[in-house]
Amino acid sequence: PIADATITLHRWDGEMSPALETAVTDAAGQFEFPARQQDAYYYVVIRNSPYAPIKQVVGADGPITATLRRAVEAWVDVRSEAGDPLQGARIANLSIRTPENTQTYVSRGWEHVLGFEFAPSDEAGRLDLPPLPEGALIDVRIDHPRWAQAKLSNLSVAAGRLGTAMLPAGVMTTFEFVADSRTPMKLDGLRCE
């Protein structure tokens with residue numbers, strides 16, 4: 001059992017609400033939130049140093065069990081097709097899988113929910129990953145403003161360099177969104193992922 005782990009409850013209904021409630025595990029590693037409406041998906045984020053944080057779905061059908069693994073510092077090298085290091089590459093999304101827990105999926109813009117920071121790669125092309133659970137399998141999609149995306153799949157998490165992402169040459173693309181003339185609407189503020 002892990003005592004004193006911080007548990008934050010989040011609500012997803014198309015947008016992630018900030019932490020609605022916070023709890024701490026007791027000496028038996030257990031926690032409980034009051035009953036809530038089942039009008040959306042609910043997630044808990046579980047944190048306790050020196051373990052990697054995890055995100056779990058909270059269902060209405062009973063308690064969840066979560067296993068925390070030790071966090072490790074890992075990175076990937078990001079290079080061009082010619083093998084040159086690329087500065088400014090970023091994590092677009094990351095999925096984390098362990099046999100004990102459900103898959104955790106984190107996309108850029110939501111990394112703060114887990115307490116992560118997706119920093120860009122440095123001059124040497126080193127792209128630091130957030131604290132990940134040792135032994136987990138991850139998929140990481142990497143993008144860059146001037147290069148096409150690349151994805152590394154089924155990397156086994158251990159301390160140190162996990163692999164190299166080779167970003168192919170990319171072509172800048174512009175999208176133009178036009179409202180249907182039958183149902184005119186303002187297009188300001190639309191977000192494309």
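This is a predicted model: local features need pLDDT of at least 70, side-chain atom pairs count only at pLDDT 80 or more; totals for chains, interfaces and linings use all residues.
**Entry 1, the largest pocket.** I looked up the volume of the largest pocket and found about 640 Å³ of space. Its lining is made up of 26 residues, and those closest to the centre are Phe31, Glu32, Pro63, Ile64 and Thr65. I then sorted the lining by residue class: 16 are nonpolar, 8 polar and 2 charged.

I located Asn101 in the loop between β7 (90-97) and β8 (104-107). Is Asn101 buried or exposed? Its relative accessibility is 11%, and the limit for buried is under 20%, so Asn101 counts as buried. I next checked what its side chain reaches. The backbone oxygen of Thr67 lies 2.7 Å from the side chain of Asn101. A polar contact at 3.4 Å links the side chains of Asn101 and Thr98. Leaving out residues up to four places away in sequence, I listed Ile54, Gln56, Thr65, Ala66 and Thr67 as touching Asn101.

I found a cis peptide bond between Ser49 and Pro50, with omega about 15°. Pro50 sits in the loop between β3 (41-47) and β4 (54-58).

I also looked up positive phi values. Asp4, which is not a glycine, has a phi near 65°. Asp4 belongs to the segment before β1 (6-12) and is exposed, with a relative accessible area of 58%. Asn154 is not a glycine either, and its phi is positive at about 55°. I placed Asn154 in strand β12, residues 147-156.

Terms used
Residues are numbered from 1 along each chain as its sequence is written. Side-chain values use heavy atoms; hydrogens and water are left out. On a 1 Å grid over the protein atoms alone, a cavity is a set of points where a 1.4 Å probe fits but cannot get out, and a pocket is an open set with protein on both sides within 12 Å along at least five of seven lines; lining residues have an atom within 4 Å of a point. Grid points are joined across faces, edges and corners, and a volume is the space filled by probe spheres set on the points. Ala, Val, Leu, Ile, Met, Phe, Trp, Tyr, Cys and Pro count as nonpolar, Asp, Glu, Lys and Arg as charged, and the others, Gly among them, as polar. Helices (H or I, at least four residues) and strands (E, at least two) are DSSP runs, numbered from the N terminus. Buried means under 20% relative accessible area, exposed over 50%, partly exposed in between (1.4 Å probe, protein chains only). A polar contact is a pair of N or O atoms within 3.5 Å; within protein, one must be able to donate a hydrogen and the other to accept it, and residues adjacent in sequence count only if both atoms are side-chain atoms. Contact means heavy atoms within 4.5 Å.
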